[in-house]
Structure formats: structure tokens, C-alpha cells
Amino acid sequence: MTSFIQLTDTHIVSEGSLAYGRSDTATALARAVDTINSRLPVLDPVDCVVVTGDLTDHGSAEEYAHLRQLLAPLNVPLRAIPGNHDTREAMRAAFATEDWMPASGPIQWHHDFGPFAMVGLDTLLEGAPYGMLCEAGLGFLARSLKTTPDKPLVVATHHPWIPSGMADMDRNNLRNGPAMLDLLREHDAPVHVISGHLHRAMSALVDGVLHQVAPAPCHAVHLDQRADAVNSLVLEPGQVTVYNWHDVTGGLVSDLLPIGDYPGPWPFYD
């Protein structure tokens, strides 16, 4: 089997600061890296960690330097796409030595895992909290679909296109999701979309395409679905998502991995 780990919405700020004055995102990311490294021996071989946007909170060079320092101990390769809190050129400079980072334009890439392929798409519209796939992004997706027409595909975006019931978050999702889905519906093999942005574990089947949103390691968006709800953060336990490809099902099986050390494991029966 082949597996990868999704990490999202790390929201790293300058060293010694708290995001929004409350969330210790640096400690949360360091603990996430420790958790991933400690679990690697008991997981199927992990191809890479995919970070689905909002790597930093303000997109500054200082924040990206702090992020790279925190990610340095990670024992598996890393790929990333930007979110609405990122800035494209500062992120490009921070990851300039990575072979997946394009020299210019949208930050997007195609990776062949063997039994399936993944496309990382750039949904960042700088200055806006919502997401858009530009024409170059839609073209990149169309070309990627033609490259592996019969192979199952995972599409990674920061912004999802599913309703969460949280009004402020739903206003700031992927605005041209239908254009992406028009392309995905033409693919002859299964398609799975993974995203971040919502800071919660959510999933929905949209026109036959499974969309799955991963929680963050640092803080969650408060699940308040009242019409007049104030968009708020809550310090729920952090998690990362492990995806395994299973030939039996011909698709991905996901599992939420809580961050930290917990008692056990103990055999159920001696």
C-alpha cells in the first residue's frame, strides 16, 4: 500500500507570538512533527506529507523562516500549496530548493504515487479570504487529467467546495468549484478532493466526487451553525490525517491521528 499524511492550516507566526493572541501554533506544529515521526514505524510506508495551505498567518518572510525551522525535523518529504493567509512569492522563496516548487506563477504540482496520482492546486487570490482557481490552475488540472487518464486522482486544494453550515466559512470557500468539478467529472477513474481552510474534519459527496476537509494541528473553527454566529476559534485537540491507498477498495481510506502521546497500546487479550 501507499500512504501520505495531510497537514493543514499551521498558521505559523513570528517566533514567540500567538496567532490571534491565543493559539500557540508553533508548539502545535512541533508536536505534530514529533507525532508524525514517532508513528512512521507503524504506518505503511509514507510517501510524503502534504500541507494544504495557510502555512503562515501573515505570509511574511520571517514567518516562513520560522515554519521551515519547525518542519526541519520531519523525517519524510514535504509538498505544499498556498492558502489565503499565505503570500505566493514569500512562500516560493522559502521553498525555492524543493523540486516541486515552480519558478513562477501559481504554486501547483503533479505527483505520481504509483497506484494513484495527486495534483496540488493553487486557490490563493491574494488579498481575499475566499478561493479561486485561476485559468492557469484550471488548465494545469486539465493537462494533469490527460497525463494519467485512467489513474485514480487526488486533488489537493486549500479552499474546499462543500457547505459546512458555518456562514462566514461558507462565504469564503472555493468560489469556482463548479468549474473544477466540470473537469473532474470527465475523468475516467475515481477522484478524491482533499482540502483545509475549515479547521475541522468534514466530508461530503458532491456530484459523485468525495470532498474531504482535514482539521488543523493548532486550533479549530468553532462549529456554530446559527445564522448570526460570530466566526471564532476554539482550542480543540489538534490532528493530522493519514491516507492509505487500498487496492481492495480502489481508493483512499483516511484516519485522523491525534497529536501527542497517549497511554497504550495494550493487547486486548493476553
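Accessible areas here come from the Shrake-Rupley method with a 1.4 Å probe, and for residues only the protein chains shown count as cover. On that basis, the chain has an accessible surface of about 12200 Å², and carbon and sulfur atoms hold 54% of it.

Two notes on the source. This is a predicted model, where local features need pLDDT of at least 70, side-chain atom pairs count only at pLDDT 80 or more, and totals for chains, interfaces and linings use all residues. Residues are numbered from 1 along each chain as its sequence is written, and side-chain values use heavy atoms, with hydrogens and water left out.

Now the overall build. The chain contains six helices and 13 strands, which are DSSP runs numbered from the N terminus (helices H or I, at least four residues; strands E, at least two). Of its 270 residues, 54% are buried, meaning under 20% relative accessible area with a 1.4 Å probe, protein chains only.

Next, the inside. A nonpolar core is a set of buried Ala, Val, Leu, Ile, Met, Phe, Trp, Tyr and Cys residues joined through side-chain atoms within 4.5 Å. The largest one has 44 residues, and Phe4, Val49 and Met118 have the most contacts inside it. Elements giving two or more residues to this core include strand E1 (2-7), helix H1 (25-39) and strand E13 (251-258). A second, separate core of 26 residues includes Leu133, Leu145, Met180 and Leu181.

Back to Met118. Leaving aside residues up to four places away in sequence, Met118 touches several residues, among them Phe4, Trp109, Leu153 and Ile194; contact means heavy atoms within 4.5 Å.

Methods
Buried means under 20% relative accessible area, exposed over 50%, partly exposed in between (1.4 Å probe, protein chains only).
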